[in-house]
Structures are given as C-alpha cells and as structure tokens.
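Please examine the sequence and the three-dimensional structure shown below.

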Amino acid sequence: DIPLKNYSSGMQMRLGFSIAVHLEPTILLADEVLAVGDVSFQEKCLDRIRLLRAKGMTLILVSHSEDMVHDFCDRFFELEHGKVIRSETTKRSQIDG
C-alpha cells in the first residue's frame with residue numbers, strides 16, 4: 001500500500017525484477033539485476049531464472065560476472081567501448097548442446 005515513489009531504488013529494482021519473472025516472459029533482458037538485494041533474494045532470483053531458462057525462456061544478460069554469464073547463457077559477447085572484442089559459446093551450451 002506504499003506509493004512506489006517512497007521505495008528505495010533497490011526496492012524498486014527488486015519489485016521490477018519480481019514482476020518481470022512472474023509474468024513468465026519469453027525473453028528477459030537483465031542488466032546487472034542482482035547488483036541489489038541480500039544473498040537470500042539473489043538466490044531466489046537465480047533459481048527463478050534457472051526455472052525460466054529450463055522452460056525455454058531466452059535470456060539476454062548484461063553482467064560483469066563471467067561466472068554468471070557462463071552459468072546462464074549459451075553464448076557471450078564481450079564489449080569494449082561498444083565494440084565486440086570476444087564472442088564464444090559457454091560451458092552451459094556445451095552441457096546442454
């Protein structure tokens with residue numbers, strides 16, 4: 001019952017992520033989505049993303065965490081100043097593929 005304008009930026013991000021993943025999207029664009037929240041919230045988010053990926057959801061993940069990219073994505077592109085400097089398949093694609 002609290003107006004959104006009274007939420008902290010972290011709470012707004014958590015709410016937005018929660019709404020997005022509970023709509024069961026076919027494509028999810030996540031930009032450093034787990035930069036906020038405690039460990040418990042982060043684990044819930046990761047579990048939900050795993051479930052959606054298992055159901056065939058396409059995930060476009062923007063992250064500085066190479067481990068997270070390898071765990072959730074089939075391919076990755078590394079950018080430097082807006083240019084692709086590396087493009088590879090990931091461990092996940094080799095396991096699933």
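## Briefing on the predicted model

The count of aromatic pairs comes to one, where rings of Phe, Tyr and Trp (its six-membered ring) pair if their centres lie within 6.5 Å, and planes under 30 degrees apart count as stacked, over 60 as edge-to-face and the rest as tilted. The pair consists of Phe 17 and Phe 41 and is edge-to-face, with 6.5 Å centre to centre and 75° between the planes. This is a predicted model, in which local features need pLDDT of at least 70 and side-chain atom pairs count only at pLDDT 80 or more, while totals for chains, interfaces and linings use all residues. Residues are numbered from 1 along each chain as its sequence is written, and side-chain values use heavy atoms, with hydrogens and water left out.

**The chain as a whole**

- The protein chain has four helices and four strands; helices (H or I, at least four residues) and strands (E, at least two) are DSSP runs, numbered from the N terminus.
- Read from the N terminus on, the elements follow the order α-β-α-β-α-β-β-α.
- Of the 97 residues in the protein chain, 29% are buried; buried means under 20% relative accessible area, exposed over 50% and partly exposed in between (1.4 Å probe, protein chains only).
- Among the contacts with a separation of 6 or more, 37% are between residues 24 or more positions apart; a contact means heavy atoms within 4.5 Å.

**The aromatic pair in its setting**

- The pair links distant parts of the chain, since Phe 17 lies in helix 1 and Phe 41 in helix 2, 24 residues apart.
- Both Phe 17 and Phe 41 are buried.
- Phe 17 counts as buried because its relative accessibility is 6%.
- Phe 17 and Ala 30 are 13 residues apart in sequence, and their C-alpha atoms are 8.5 Å apart in space.

**Helix 1 against helix 2**

- Two packed helices are described by the angle between their axes and the distance between the axes.
- The axes of helix 1 (residues 9-22) and helix 2 (residues 39-54) come within 11 Å and cross at roughly 25°; axes are lines fitted to C-alpha atoms, for helices over the stretch in contact, and angles run from 0 to 180 degrees between N-to-C directions.
- Helix 1 is therefore roughly parallel to helix 2, as angles under 35 degrees count as roughly parallel, over 145 as roughly antiparallel, 65 to 115 as roughly perpendicular and the rest as oblique.
- Arg 14, Phe 17, Ser 18, Val 21 and His 22 in helix 1 are in contact with Phe 41, Cys 45, Arg 48, Ile 49 and Leu 52 in helix 2.
- By class, this contact has six nonpolar, two polar and two charged residues; Ala, Val, Leu, Ile, Met, Phe, Trp, Tyr, Cys and Pro count as nonpolar, Asp, Glu, Lys and Arg as charged, and the others, Gly among them, as polar.

**Arg 48 and Glu 24**

- Arg 48, in helix 2, counts as buried because its relative accessibility is 16%.
- Leaving out residues up to four places away in sequence, Arg 48 touches Val 21, His 22 and Glu 24.
- Glu 24 lies in the loop between helix 1 and strand 1 (27-31) and is partly exposed, with a relative accessible area of 41%.

**Positive phi values**

- Most residues other than glycine have a negative phi.
- Glu 24 has a positive phi, near 50°.
- His 81 also has a positive phi, near 55°, and lies in the loop between strand 3 (75-80) and strand 4 (83-89).
- His 81 counts as exposed because its relative accessibility is 80%.
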